[in-house]
Amino acid sequence: MNELIDYLVVSIVMISVGIYGIIVKRNAIRMIFSIEIIANAVNLTLIAFSRYLSDVQGQVFTLFAIAIAAAEIAVGLGIIIIAYRLYREIDVAEYRSLKG
Amino acid sequence: MVTVPKKFGFGSFVSSILWLVFWIVVIVTLVGLPLIFIILFYVPLPYIGDEVLTPYLFFSMMVDPTRTIPIIKFLIHTDIFRVMVFPGFGYAAIIAAVTIFVERKFLAKMQLRVGPYYVGRWEGILQLMADGLKLISKEIIVPSGADKLLFWLAPVLFVATAAAVTALIPVAPGGWVVADIDVGLIAVFAILGFFPLIALLFSWASNSKYPFIGGLRALHQMVAFEIPFILSALSVVLVAGTLNLTEIVESQYLYWFIIIAPISAFVFYISSLAELERIPFDLPEAESEIVAGWITETSGMLYGLIQLGTYLKLYALAALFVILFLGGWTGPQIFPEEIIPGYTGEKIYNHIVINGIFWFTLKTFGMIILFLLPRGISPRIRIDILLHTGWYKLIVLCFINIFAVLTLIYGGIIPTGGILQ
Amino acid sequence: MIEVHIMAEQVFYGLAILTIGSAIFALESRELIYGAIGLALSMLGIAGFFILLDAPFVAMFQIAVYVGAVAVLVIFTVMLVRTNELFTKREDKNRRIAGIVFAFIFMIVIGLILLGSELSKASIGELKIDNITQKIGGEMLTYYSPAFILLALVLAGSIIGALTLARREDVDNSYERVN
Amino acid sequence: MENFDYKINDTQKLGLEIIKEASFDDRLMTLSVGPQHPGSGHFRFVIKIDGDYIVFCDPDPGYVHRGEEKMAEYRTYIQNIPHLERPVIHDSTNITYSYSLAVEELLGIAVPRRGQFIRAIASEFNRQIYTLYWLAIYGIFLGHSTMFMWPAGDRELFIDLMEALTGARVTHAFNIPGGVRNDIPNGFKERCLRQVSYFEKRLNEYEDIFYNNPLFRQRTEKVGILTKEDAIKLGVTGSVLRASGIPYDIRKVEPYDVYDEIDFKVQYLKTCDSFARSYVPFLDMKESCYIIKQLLDKMPESGDVRTKLQSNVKGQSGESYKRVESGRGALGYYVVSDGSPKPYRVKISVGSFRNILALPHLLVGSKLGDMPAIYWSLNYWPVEADR
Amino acid sequence: MNSTTGFTKSASGIIKAIESGSKHLLIRRFTLFYPQKKLKFVGDGYQFDPQKGVGIAGTRGRHILFHEKCTGCQLCAITCEGIAEAIEMVKITESWKQNKKSIMPQIDYGKCVFCGLCVDACPFYALYMTNDYELAAFTKTHLIYTPAQLAVKPQYDGTVEIKIDDRGAYHG
Amino acid sequence: MISKISENLDKWNSRQFITTLNDDNISQNKKSDNLKKFPKEISSIVGDSKIQTSKTESSLLFENSVIFKISSKFDSKIVVEFVKPSRIKIRVDPANIIEIAKFLNHELGFDHAESVTGTDYPKDNQIEVIYHLGSYLRDDLAHLVLSLTTRTDRDEARLPSLLPVYGSVEYHEREIFEMLGVYFDGHPRNERFLLPEDWADIPPLRKEFHIKGR
Amino acid sequence: MPGEYASQFTPIMYMLGMGFLAGVPALILSKILAPRKSYNPVKFLPMECGQMPVGEGRSHFMMQYYAYILMFVVFDVMSIFLYAWGTSLLSIPKSATLPMIGFLGIMFAAMGYALYLSGKKGIW
């Protein structure tokens, strides 16, 4: 049977994939993908624990987390677009001049 | 001098059918029956009621029709029957087929035409079959440079997704629904969000410009109308207090929700038109601007599948309108309890279910006609007007109705604690 | 219900493969638009897990938001940010190896910690709640109402911020009629 | 109908800004509209779009009936008639009308009075046929399929009428130098009157479902504004010109045959937009019904309809330029004769070719969704422009 | 224009459009069911009176050639030369006394444009046009009508007439 | 991919081309009729011929007043070819045409060009280009069509473009360029417009271009 | 045991499978029945109105309505939150509607400002 630990393992693998993406990818949109993957892995953990405890609070947290992830993605893509317009580039390594 | 096709000869028609029957009988007796018996020898036989379904029993059922009632009952209550035949795919597909015929005749009447006329003996009733045969026998052209997998997969996905939407529709009392989900309403919205993505995927796969613009327009349209669409159902949920579609229908046994949420119903109607990509919102397929929109590169059966999916979607949304606002299957009982007076055998005819199906189908068809009507009377609108309508007008209208409903609930006019309790 | 429990394990493995595979595809696909589709599929897999964990409302929310909205937004951004060469730029190899190694180390360490802990023996029991959606709504509006208001502020701030960021200063198009 | 003038072409401002911006950017998409496009006819124009805005437009006509002018130099004056009507088979009486006028001037012959009336009736009917066809296509261009079917059906009744008169359904070959080919059949007058009164009723229904439809108004009002100055500069003609506020109609300014005896108003609007350009032909149809009634009323009961001509009649050397008002505006023929039985040079000056100049002017800066609304409102017949 | 009048105007416009559209659900259509029913034409076809120089109104369908009047003068062929090149003069086997050269027109309906100018050109009342317009054939050679075929008077039994009344126009 | 397609396309096109050529040969050989034809020769035209009109000289007062206005300004530069009811034809030198057109547009009110026509006169070795000018704004001029004519050498056909004066001649002049081979100096696009993309023959409206089989 | 609610969703999967069952055989049948003519390069070109295609079909291309899509993401989240409220409206105390009113108020303000921005300023 699938138990709590199985979900946690899936979550960890997802987080690792996300971390790999953040380290390797320099494309800003792909980095946002990585962040989303990590956020979802965390959501999965939350829901798994919520089910383990037979409680809805984890689900409420997940709803909030998803909402905030959506808001974050909107702002993140907005930033990417303004950066693209300024530098004609979506490679984060090229955004050095942002350091000021 | 005149070259008209040969006249229809009734005699030759009958003789050809007789030949066909003869050959079928011969093949069945020589090949089919031995095969069936061989299979029956190895396969464990199912229990029908209390007795094992032996071949003897099976054939004796043919002689005595009343003995088939248990097997029919057994079949009806399986999941396979629900998915394939009654509230599921078969029913939806038949309604979709009838819709296509009705649309063509209805539009033709409105436009002083005749519509399909020749195929089938009466008013071109078999036109759809002829069209299907034509589409099947056409070559499918995959444009060069297309993404082959997505190009073939997307129309099938389209039909499958449309079928998944129809799975959520309750048709009659007593659990006549394929999937009875607690969050049915949100599931409908979630699945409907897939269609523009499929459109965009298909347009991206076909490596052509016009489909590409069409796919983007489909996404824009979804963006403009998804929120009014979701919000317009909220005023119903406020009163019903549940997201389960069956319970929403059951909570309307006193009055239909269109009485307390007329503006929401109007918004739902308009947004459904937009979701269905029908005129006046058929921007993704606007043929005078972008040849045929996202289905420009489709040919043959791919086009047929997309059309099938579109009409399944039309049925699903019309049924959803009926469920949310028009009381679903509720209606006066007009079917008698017994279809054969004095019949005392096992009951196969449930008059409440039949009544529910009748009223549901009737209302759904009324809604489908309403969905078809704008195609006859209005031109297509432009994309910026569309976005403007969705964001500035429909959302405001939705909230007006939501607050009206809220006032009714808190004012005690609608009893708190739910209609169901 | 019995069938489901037999199926649940296979469904779980299928969903795991779908989720992780499409997450990797989202990061490694050649075309960014396919990457967006991969992300959407991955989120769909997560939603499948949610359903498996008896959280249907959250699952539907996940599908509606991620497939319906976020995938659309990402695809539009990909459309907006033109110039195809930007997307096909290769990463340098060392960085890639470092990333893979680090990810593996992280996975193994945390995995070992988890497997060694008591959690590995924890078993999921019967579900003791009904009317999940109503419960969620109730919790959200009573106990967590300050967080809810805060969330509203976050959403409002994000939309205003995103629009302000994406605005073009160089065009003064006060002539545009929206209708 | 509220009349108001536009000082600036405000719909196109944003588009023009985008053109400036797009010139250094690589985000343009080239679309070729036509020749196999549901929204072009036998015509092609290459557009470049930036998002939803058209920033470049290059018309490329010339796909059908090229070289009618050259072919006319190889045929006698009368043999030319079935050829010259090919470019606009829906308006074939009008396109041979001005040819007949020009050749009559070269040959120095006059048309009997009854013939002049029959000509005018036939040309009015043909204008109705053309305009109905045009209106049907405008309907389907904007996605209004009912507006495609109704005018197409009502056009059929006029075609039946023309068939009774001339014997052919579209390519009538009816006008001929010296008059018309045949007299009207028995009972034609009553049939015409019944038809016209029926059609006037139908026009009100068109107004209900199409012109007063708010969705149609949204599509066309304040879209593609061709100001009066631009209209004159670009030399557009016909309904496009009249929609820009200039009451110029050849039937009024230079009456040919019997039009100086007819009482009618030149229909024009001052809103200069696509709606006006689509509404002026409609008003013309209404006015045309009135003209037909008058013509039938004033027509002499009997008399000659045609001056007899030799089949290979020789013209005096010289030239003539005659214009009529066709469905698409002024239609002029410039015919040069060298005294032989064949014309030395025939030039057809058609309204379509003049109106098409306004297409890039209007399309650049407008939205892609406005393309059909602007393009077909220019009253452009692709085949006619190709000649 | 303020918003309320705009709203009422557009609402009334939509309602009128719906009314006008649904009204037509009950109106008789004027579709002609063509192969079963045929339209009634004026007269017997387009004819020409060379004496007066004026035609007689009628449908321009397939030609009819009166052998006893045709003199083989080629005027129809000459006229057609510049228009469609559909008429060719061919030898005929039987001899007519007015036709010394024994040539008569043969018409290729694959090329003919039915302008009727050959009828105008005939000074001997020999070539007219008839009401028959159903000339479709499977091969191009079947479209070429020899003088013998042209002499046959076609049967045309069109009876349907357009009727216009208060309920609309219809064929009946 | 596209290059491969275009290669194949070329093959395809060439195959079709060969078949059409063969068809033409066959049809020409088949054509064996001894019908009499009209003579092909075209007699030359006398330049200053006038046609008798039904109106008398007195009714041409308005037209003559317009002529007077023009000739009072450009005395010797214009040649009045004819004056007919509502029609005036004047001929000018190519060198003066822009000046005169500006005068006609801005002073006299001929605000648009209806059409531009070219006629080939091989006898005189000249090409005549005619601008039919009209007026939209002035009611009294509305019926009048003024033909502004100029002639150019056939072998070296060059004329100044009237595009700066009359915006409406843009496509008409392009048409004249490709149909008669008159190059318009100052026109931005002297290029193909109506003819096929692969047209490689002399300009078709010149008299030495003959239609096949005639 | 997890998966109690999952059993509700299995019929949807069956229905999806049914869609495939309807679609795939039709395509296979069509593949068998349909004629396959000899290769013609023009036939397989993407639609370009009868011309040779210019430029690539899959370009990066954007319409000028980006603002609405940004708004859509946030307000989609909002509208589904409203459902959580809507279902529980009858089972929670009346005072619990006050946070919802506050939520809606803040979102309305944001939406008004966003619509003002998207209408006024040029957004990609």
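Modeller: Of the 100 residues in chain A, 65% are buried (under 20% relative accessible area; exposed is over 50% and partly exposed is in between, with a 1.4 Å probe and protein chains only). The model is predicted, so local features need pLDDT of at least 70 and side-chain atom pairs count only at pLDDT 80 or more, while totals for chains, interfaces and linings use all residues; side-chain values use heavy atoms, without hydrogens and water. Residues are numbered from 1 along each chain as its sequence is written, with chains lettered from A and ligands numbered from 1 in the order in which they are written.

Chain A holds three helices and zero strands, where helices (H or I, at least four residues) and strands (E, at least two) are DSSP runs numbered from the N terminus. The order of its elements from the N terminus is α-α-α. Contact means heavy atoms within 4.5 Å; of the contacts in chain A between residues at least 6 apart in sequence, 49% join residues at least 24 apart. The chain exposes about 3200 Å², of which carbon and sulfur atoms supply 68%; accessible areas come from the Shrake-Rupley method with a 1.4 Å probe, and for residues only the protein chains shown count as cover.

In chain B, helix α13 (residues 262-275) is largely enclosed by the rest of the structure, because 11 of its 14 residues are buried. Among these buried residues are B:Val267, B:Phe268, B:Tyr269, B:Ile270 and B:Leu273. The buried residues of α13(B) pack against α8, α10, α11, α14, α15 and α16 of chain B. From first C-alpha to last, α13(B) reaches 20 Å, close to the 20 Å expected at 1.5 Å a residue; the expected span is 1.5 Å times one less than the number of residues. After α13(B) comes B:Glu277, with a positive phi near 55°.

Chain B also contributes to a surface feature. B:Leu149 lies in helix α7 of chain B and counts as exposed, because its relative accessibility is 63%. Together with B:Leu153, G:Phe20, G:Val24, G:Ile28, G:Leu29, G:Ile32 and G:Leu33, B:Leu149 forms a nonpolar patch with about 720 Å² of accessible area. Helix α1(G) gives the largest share of this patch, six residues.

In chain D, strand β8 (residues 343-349) is mostly covered, with seven of its seven residues buried. Strands β7 (residues 329-337) and β8 of chain D run antiparallel and are joined by six bridges; two strands pair if DSSP finds at least two bridges between them. D:Ser337 has D:Pro343 as its bridge partner in β8(D). The hairpin of these strands has five residues between them, and there D:Gly339 takes a positive phi near 90°. Elsewhere in the chain, D:Lys228 belongs to helix α9 (residues 228-234) and counts as partly exposed, because its relative accessibility is 35%. Not counting residues up to four places away in sequence, D:Lys228 touches D:Ser244, D:Gly245, D:Ile246 and F:Leu137.

Finally, chain E has an open, antiparallel sheet of three strands in the order β4-β5-β7. Strands β4 (87-91) and β7 (144-145) of chain E stand at the edges with a single partner strand each, so one side of each is left without a neighbour in the sheet. Strand β5 (residues 103-108) of chain E pairs with β7(E) over two bridges, and E:Asp108 has E:Ile144 as its bridge partner in β7(E).

Methods
Patch = residues over 30% accessible without salt bridge, like charges linked within 9 Å, V, L, I, M, F, W, Y side chains within 5 Å. Salt bridge = Lys/Arg side-chain N within 4 Å of Asp/Glu carboxyl O.
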